[in-house]
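The exercises below are meant to be worked with the sequence and the coordinates side by side. Each task is followed by a solution that goes step by step.

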Amino acid sequence: MGSVKVYGPAMSTAVSRVMACLLEKEMPFQLLPIHLPKAQHKSPDFLKLQPFGQVPAFQDGDGTTLFESRAICRYICDKFAGQGNRSLLGREGGGAADRARVDQWVEAEAHSFNPPSSALVFQLVFAPSMRLKQDPAAIRENEAKLRKVLGVYERRLAESRFLAGDEFSLADLCHLPNAHYIVSATDKAELLTSRKNVARWWEEISARPSWKKVLDMRGAPPA
């Protein structure tokens, strides 16, 4: 077990994003499950780590505590810059411009890709498992939004192997959790697989050993 602790269920998209980053950096960590149905994420002890009562929460061996998965991933990349994959924040020696290229696509994931894809994952995957009624209007609306986003990605990936350039980066990694659910657990896989360049990109990033390990850890079959 490592001194790094990640709090939350492995099936959570945000938790698995952090896990994938740690595995890319070859950083040992301890996953401490939080039982959401029992409201453990609302307990006083957990709220000291994550004041909004959401997962994940993160604790480093030096006492640093963080929340928000993308901020945690950036911290991991900076703190452990010299080990594992050294290109997650841009090519070594690439400077501010390379890092900004990664950041802009991380932001695109957070603000353009994540909202509609998260809504679809909730409606199509989690709502049925929670015995909640699906909202057909929300499914249609968010599918249309995601199609537009992926149209932009298709054009970008026609000129670049990965989103931020020719090396796998945090920009690509951040997409893995939601995209995995859409491809492997819904009837909307064609959103990604029907686009030549997006499909090629998805096939490559989803085959990374770090992501395969995340799936192994949460007991999910690979896409």
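## Exercise 1: the cover of helix H3

Among what covers the buried residues of H3 are helix H1 (13-24), S3, S4, H4 and helix H6 (170-173). This is a predicted model, in which local features need pLDDT of at least 70 and side-chain atom pairs count only at pLDDT 80 or more, while totals for chains, interfaces and linings use all residues. Residues are numbered from 1 along each chain as its sequence is written, and side-chain values use heavy atoms, with hydrogens and water left out.

Task: state how many residues of helix H3 (residues 69-79) are buried, and name them.

Solution. Begin with the terms: helices (H or I, at least four residues) and strands (E, at least two) are DSSP runs, numbered from the N terminus, and buried means under 20% relative accessible area, exposed over 50% and partly exposed in between, with a 1.4 Å probe and protein chains only. By this criterion eight of the 11 residues of H3 are buried, and the helix is mostly covered. The buried residues are Ser69, Arg70, Ile72, Cys73, Arg74, Tyr75, Ile76 and Cys77.

## Exercise 2: the sheet

Task: give the order of the strands in the sheet, and explain which strands stand at its edges.

Solution. First, take two strands as paired if DSSP finds at least two bridges between them. Four strands then form an open sheet in the order S2-S1-S3-S4, with mixed pairing. Strand S2 (29-32) and strand S4 (65-67) each have a single partner strand and therefore stand at the edges, with one side of each left without a neighbour in the sheet. From one strand to the next the twist averages 20°; angles run from 0 to 180 degrees between the N-to-C directions of axes, which are lines fitted to C-alpha atoms, for helices over the stretch in contact.

## Exercise 3: a buried aspartate

Task: locate aspartate 60, and find the side chain with which its own side chain makes a polar contact.

Solution. Aspartate 60 lies in the loop between strand S3 (57-59) and S4, and it counts as buried because its relative accessibility is 6%. Its side chain makes a polar contact with the side chain of tyrosine 75 at 2.6 Å, where a polar contact is a pair of N or O atoms within 3.5 Å; within protein, one must be able to donate a hydrogen and the other to accept it, and residues adjacent in sequence count only if both atoms are side-chain atoms. Apart from neighbours within four places in sequence, aspartate 60 is in contact (heavy atoms within 4.5 Å) with Ser3, Val4, Tyr75, Lys79 and Phe80.

## Exercise 4: two packed helices

Task: describe how helix H4 (residues 95-129) packs on helix H5 (residues 136-157), and examine glutamate 109 and arginine 156, which both belong to the contact.

Solution. The helices pack at an angle of about 145°, with their axes 9 Å apart. The residues of the contact divide into 14 nonpolar, four polar and four charged; Ala, Val, Leu, Ile, Met, Phe, Trp, Tyr, Cys and Pro count as nonpolar, Asp, Glu, Lys and Arg as charged, and the others, Gly among them, as polar. Glutamate 109, in helix H4, counts as buried because its relative accessibility is 0%, and beyond four places in sequence it touches Arg17, Arg70, Asn114, Pro115, Tyr153, Cys174 and His175. Arginine 156, in helix H5, is buried as well, with a relative accessible area of 19%; beyond four places in sequence, arginine 156 touches Trp105, Phe162, Leu163, Ala164 and Gly165.

## Exercise 5: backbone geometry

Task: find which peptide bond is cis, and say where glutamate 68 and arginine 131 lie.

Solution. As background, most residues other than glycine have a negative phi, and most peptide bonds are trans. A cis peptide bond, with omega of about 5°, joins valine 55 and proline 56, and proline 56 is in the loop between helix H2 (44-49) and S3. Glutamate 68, with a positive phi of about 75°, is in the loop between S4 and H3 and is partly exposed at 41% relative accessibility. Arginine 131 has a positive phi near 60°; its place is the loop between H4 and H5, and at 80% relative accessibility arginine 131 counts as exposed.
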